[in-house]
Amino acid sequence: MDDEAFLRKAFDVARRARDQGQHPFGAILVDAKGTVLMEQGNAFLQEGHDMTAHAERMIATRASKAWRPPFLAGCTLYSTAEPCAMCAGAIYWAGIGRVVYGQAEHDLKTAAGLDPENPTMSLPCRTVFAAGQREVEVVGPLLADEAAELQADFWQNRG
C-alpha cells in the first residue's frame, strides 16, 4: 500500500473539516486490499462541542459497529496526527491492526499550546498500544511537515 498517498487523503479530510469550522484533523480507514472504507473529520462542533469527537475515535467507533475485529485487524487507519491516548484506546478496542500518522503528538502539543479545546497529552500511541494484549503496527510520523501545515495558525487565530 502507498502509505503516503493514503495519508494525503486523510490530509484532504482534515482540510475539509477545517473549511467547515471544525478542528483540522482527519482520518481514513483502508482495508487490506487498499479500498478506502470510511473517512472522518473532527466532529467537535457537529457533535455539540463533544471533546471526545476526535476523527480517530469517531472512525474507530463507526468501524467497530460495521465490522468485527478479525476483519479490522487487516485494516489501516491513516490519521493526520498521532492518535491521542483516548483514540489509541478506541483503535485498540475496535481491533484495527495498523496505524499510520502524520504529525507527532508532541509537535501537536506545541502547535495547539494551551487551547482548552485541545488539551494534548504527552503520551505516545505506541505506549498505549504496547500495554495491550495484541500488536498494533504503528508507522509515523510520516509527512510530518505537510501534516503540521494543517495546524498552522489554527489554534492561534481562533476567536
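The side chains of Arg57 and Asp50 meet in a salt bridge, with 3.9 Å from N to O. The model I am presenting is a predicted one. Within this pair, Arg57 counts as buried because its relative accessibility is 18%, under the cut-off of 20%. Asp50, at 24% relative accessibility, counts as partly exposed. By the rule applied here, the count comes to seven salt bridges.

Glu4 forms a salt bridge with Arg8, and the closest N and O atoms are 3.9 Å apart. Both residues lie in helix α1, four residues apart, which is about one turn of the helix. Glu4 is partly exposed, at 34% relative accessibility, and Arg8 is likewise partly exposed, at 35%.

Which residue forms a salt bridge with Asp3? The partner is Arg98, and the closest N and O atoms of the two are 2.7 Å apart. The pair links distant parts of the chain, since Arg98 sits in strand β4 (residues 98-103) and Asp3 in helix α1, 95 residues apart. Are these two residues buried or exposed? Arg98 is buried, with a relative accessible area of 16%. Asp3, at 15% relative accessibility, counts as buried as well. Asp3, Arg98 and Glu137 are linked in a network of salt bridges. Leaving aside residues up to four places away in sequence, Asp3 touches Tyr78, Arg98, Val100, Val139 and Leu142.

I now come to the sheet. Five strands form an open sheet in the order β2-β1-β3-β4-β5, with mixed pairing. Strands β2 and β5 (137-139) stand at the edges, each with a single partner strand, so one side of each is left without a neighbour in the sheet. On average, neighbouring strands of this sheet are turned by 15° against each other, direction ignored.

Two pairings can be described in detail. Strand β1 (residues 26-30) pairs with strand β2 (residues 36-41) in the antiparallel sense over five bridges. Across this pairing, Ile28 has Glu39 in β2 as its bridge partner. The hairpin of β1 and β2 has five residues between the strands, and there Gly34 takes a positive phi near 90°. Strand β1 is also joined by four bridges to strand β3 (residues 76-81), and these two strands run antiparallel. In this second pairing, Ala27 stands opposite Ser79 in β3.

Finally, the helices. Two packed helices are described by the angle between their axes and the distance between the axes. For α1 and helix α7 (residues 144-151), the angle is about 10° and the axes are 10 Å apart. The two helices are therefore roughly parallel to each other. Which residues of α1 meet α7? On the α1 side they are Arg8, Phe11, Ala14, Arg15 and Arg18, and they meet Glu146, Ala147, Glu149, Leu150 and Gln151 in α7. By class, this contact has four nonpolar, one polar and five charged residues.

Conventions. Residues are numbered from 1 along each chain as its sequence is written. This is a predicted model: local features need pLDDT of at least 70, side-chain atom pairs count only at pLDDT 80 or more; totals for chains, interfaces and linings use all residues. Side-chain values use heavy atoms; hydrogens and water are left out. Buried means under 20% relative accessible area, exposed over 50%, partly exposed in between (1.4 Å probe, protein chains only). Contact means heavy atoms within 4.5 Å. A salt bridge is a side-chain nitrogen of Lys or Arg within 4 Å of a carboxyl oxygen of Asp or Glu. Two strands pair if DSSP finds at least two bridges between them. Axes are lines fitted to C-alpha atoms, for helices over the stretch in contact, and angles run from 0 to 180 degrees between N-to-C directions. Angles under 35 degrees count as roughly parallel, over 145 as roughly antiparallel, 65 to 115 as roughly perpendicular and the rest as oblique. Ala, Val, Leu, Ile, Met, Phe, Trp, Tyr, Cys and Pro count as nonpolar, Asp, Glu, Lys and Arg as charged, and the others, Gly among them, as polar.
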